[in-house]
Amino acid sequence: MRRKALRSSSEENNMTFELRRVEDAPVAGQEINYDAVVPRGIYIAAGEIASGGSSYAEDDGFVSTDALSVQAGVEGATLWRWDGNLRRRNGRGPSVMPGVS
């Protein structure tokens with residue numbers, strides 16, 4: 001799993017918004033469940049997935065703020081997932097939107 005982060009900060013509220021990119025690679029038929037803790041975008045870099053009654057092929061994508069479940073197609077899939085997270089700039093204290101699944 002690869003991770004990259006982009007950060008933007010606000011002096012007014014001492015908060016930082018961090019956007020993390022994670023690569024998920026479910027094998028054929030594997031199901032992955034994401035909670036609704038953070039907003040996320042999912043891009044299908046390879047293969048196919050099904051989610052919420054819809055099918056997505058390579059080079060498709062979607063954005064969600066809800067809990068969701070995705071299931072890889074018969075050949076598996078490679079997903080690029082961007083998760084947003086709002087944190088205190090000094091690193092102390094809990095995140096406003098904690099956790100990345």
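**Along strand E4**

Ser51 sits in strand E4. Helices (H or I, at least four residues) and strands (E, at least two) are DSSP runs, numbered from the N terminus. The model is predicted: local features need pLDDT of at least 70, side-chain atom pairs count only at pLDDT 80 or more, and totals for chains, interfaces and linings use all residues. Residues are numbered from 1 along each chain as its sequence is written, and side-chain values use heavy atoms, leaving out hydrogens and water.

Ser51 is buried, at 10% relative accessibility. Buried means under 20% relative accessible area, exposed over 50%, and partly exposed in between (1.4 Å probe, protein chains only). Beyond its neighbours within four places in sequence, Ser51 contacts (heavy atoms within 4.5 Å) Tyr56, Phe62, Leu68, Ser69 and Val70. A polar atom of the Ser51 side chain lies 2.9 Å from the backbone oxygen of Ser69.

Now take the hairpin. E4 pairs with strand E5 (residues 54–57) in the antiparallel sense, over four bridges. Two strands pair if DSSP finds at least two bridges between them. Glu48 has Ala57 in E5 as its bridge partner. Two residues lie between the strands of this hairpin, and Gly52 takes a positive phi near 60°.

Go back to Gly41, also in E4 (residues 40–51). Is Gly41 buried or exposed? Gly41 is buried, with a relative accessible area of 15%. Not counting residues up to four places away in sequence, Gly41 touches Phe62, Val63, Trp80, Arg81 and Trp82. Gly41 and Trp80 are 39 residues apart along the chain, yet their C-alpha atoms are separated by 8.1 Å.

Technical notes. A polar contact is a pair of N or O atoms within 3.5 Å; within protein, one must be able to donate a hydrogen and the other to accept it, and residues adjacent in sequence count only if both atoms are side-chain atoms.
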